[in-house]
Amino acid sequence: MTQSENLGKGMRTMGYTLAEKIIKEHIVSGEMVKGQPIAIRIDQTLTQDATGTMAYLQMEALGVDQVKTERSVAYIDHNTLQSGFMNADDHKYIGTVAKKHGIYFSRPGNGVCHQVHLERFGKPGKTLIGSDSHTPTGGGIGMFACGAGGFDVAVAMAGGAYNIMMPKTVKINLTGKLRDWVSAKDVILKVLQMLTVKGGVGKVIEYAGEGVKTLSVPERATITNMGAELGTTTSIFPSDEITRAFLEAQGRGEDWIALAPDADAVYDEEYDINLSELVPMVACPHSPDNVKTVREAGNIEIDQVCIGSCTNSSYLDMMKVAHILKGKSVHPNVSLAIAPGSKQVLTMLAENGALADMIAAGARILESACGPCIGMGQSPKSAGVSLRTFNRNFLGRSGTADGQVYLLSPETAAYSAITGVLSDPTEMGTMPQIAMPSHFIINDNMIEPPASPEEAAQVEVVKGPNIKPFPVAEPLQESIEADVLLKVEDNITTDHIMPAGSKILPYRSNIPYLSQYCFEVCDPEFPARAKAAGKGFIVGGANYGQGSSREHAALVPLYLGIQAVITKSFARIHQANLINTGILPLTFQNPDDYDAISQGDTLVLADIRSAVENGTPIILYNKTTGRKIPLACDLGGQNRDIILAGGRLNYLKQKMQ
């Protein structure tokens, strides 16, 4: 019997990893056998406004009165650019639905969800899911924190469990200490260089070793945040005295618990990184794993620098940036924009004079929100080179179709903003010691608590005209015959499927309007072709659906008639979103068969309902070429019944009936 089997059958012969300890305390169904479906209890949820409206519409459809979690928080941080009524209407809806149903509401201007949640709500040892792929930021304080689709978050708020495959665990041993001007961003860029954007699929990454003790909570959170780009289930650090000091400085010392893996825990993979050997790194266009050292990339002339996002907008990051800029001027060819991550950070910078140093240098100060990271303003010029402290540099994500976006640390970004070219910050010599504060300024007046259960009945939920019903699939048909409406390559992101940006994000609660932009980056004719066909298939390569957790990348194809997506492999969250939506996710048993299908081919899935229901082999018939292709359908746990029902909403309604 294998160790994994022992784990599931209570015959454990070795210790638990950090992630396994939290899963063990929260598992409600399934066995802790790697690669097998499990369901875990969720303690906390978060949403943001780009995904939140749909999540709360789904929550209401489930008939939720008061949320059942320990803490649920709705953040407004993505769609804060109010160029029309749409965003403001969504904010009003989210605020009123939060007030009515027991959810805390973080108002526009209070900050980026992951930064604020780390500051004010996150607790070591707790489970957290959020309708944003960078929710693993919470792993920086020892949470089991996962990005999820909005419907999964709605179900958790209703008291339901979160379904995942029991992940493998990867241990990254950190030794040594970061040199001056080398940062946590360089650590995660090194990991991406080592493992690639597909290297974390089906895995949890745990950081361990003596080097962990040299990293502050914000530095750890940078690493876990951008671990999302590896495709991981989540990333996590131990909860130790450094975690305790951070929580005490936030006035939340009572939330701390010690949390570490057992000494005899066994990992599926192990890697070593000597922090002392790292140098400044940069992810070149157009993928977070296209990583070089700054010196290898060379002195590229730049047009823009953006500092902030949920990855690098902490007080510690901002103080280092302010030190570099103090007494200097931004290069005349460069536009520098800075967005502190929260009202707390912005207030502290204003009070200690660091904000004045940034402004004096020529920085443009943005509100505490996601902003440029999701294309909500500050798009670079045509073919412009933009250095960003963000987590993604997918083609077109900046809002400029041919923008050349590089990802790097705040230190490298600030120094380059002065020189006008991509520059190695270690040239600045000795770095001053910038300590974490022993006390943060605490003012939660921008976080509105929910109404009491007694008062909730009197709260009116306000829905503006931009909020439209979401599409619901029909039960899986006996057979499917349709054309391939689109064929795409490897590493298609949710930004390809359903773009972000200031033009589109305000319509996140209006699926019919959004549909005209579906796959705009890959094929602008796809929406019209899909509407004309009425139904169809999409064929994709490996790691299909990587990136954001946005379920709109499943809801919009459903609206356009997509009944199945056939790929070499799926990204975890997107596959879950397809299942929740009612779109059948299929994979090639032989990846080379991808080449045997062309766009426009007519495909037949005969007796597909019976095959899914009974777990029998699935054979795809290409009617155009006459070729038969074996497919796999990975539907563990309740997912088979969800697909048969035509999505999770139909499935849950059937169960309630």
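**Entry 1: Asp-132**

I began with the side chains of Asp-132 and Gln-48, which are joined by a polar contact of 2.9 Å. By polar contact I mean a pair of N or O atoms within 3.5 Å; within protein, one must be able to donate a hydrogen and the other to accept it, and residues adjacent in sequence count only if both atoms are side-chain atoms. Before going further, I noted that this is a predicted model, where local features need pLDDT of at least 70, side-chain atom pairs count only at pLDDT 80 or more, and totals for chains, interfaces and linings use all residues. Residues are numbered from 1 along each chain as its sequence is written, and side-chain values use heavy atoms, with hydrogens and water left out.

Where does Asp-132 sit? I found Asp-132 in the loop between β6 (127–130) and β7 (144–147). Helices (H or I, at least four residues) and strands (E, at least two) are DSSP runs, numbered from the N terminus.

Next I asked which side chain of opposite charge is nearest to Asp-132. Lys and Arg count as positive and Asp and Glu as negative, while His and the chain ends are not counted. A salt bridge needs a side-chain nitrogen of Lys or Arg within 4 Å of a carboxyl oxygen of Asp or Glu. Buried means under 20% relative accessible area, exposed over 50%, and partly exposed in between (1.4 Å probe, protein chains only).

Not counting residues up to four places away in sequence, I listed Gln-48, His-78, His-114, Gly-147, Ala-148 and Ser-549 as touching Asp-132; contact here means heavy atoms within 4.5 Å.

**Entry 2: strand β24**

I then checked how enclosed β24 (residues 584–588) is. Five of its five residues are buried, so the strand is largely enclosed by the rest of the structure. Leu-584, Leu-586 and Phe-588 cover one side and Pro-585 and Thr-587 the other, all of them buried.

For its partners, I saw that β23 (residues 562–567) runs parallel to β24, with four bridges between them; two strands pair if DSSP finds at least two bridges between them. Ala-564 stands opposite Leu-584. β27 (residues 627–632) pairs with β24 in the antiparallel sense over two bridges, and there Ala-632 is the bridge partner of Thr-587.

**Entry 3: Ser-335**

I found Ser-335 in strand β16 (residues 335–338). Leaving aside neighbours within four places in sequence, Ser-335 is in contact with Asp-303, Gln-304, Val-305 and Arg-364.

A reminder to myself: most residues other than glycine have a negative phi, and most peptide bonds are trans.

I noted a cis peptide bond between Pro-285 and His-286, with omega about 0°. His-286 lies in the loop between β13 (281–283) and β14 (291–293).

Ala-383 has a positive phi of about 60° although it is not a glycine. Ala-383 is partly exposed at a relative accessible area of 42%.

Asp-607, also not a glycine, has a positive phi near 55°. I placed Asp-607 in the loop between β25 (602–605) and α21 (608–614), and it is exposed, with a relative accessible area of 51%.
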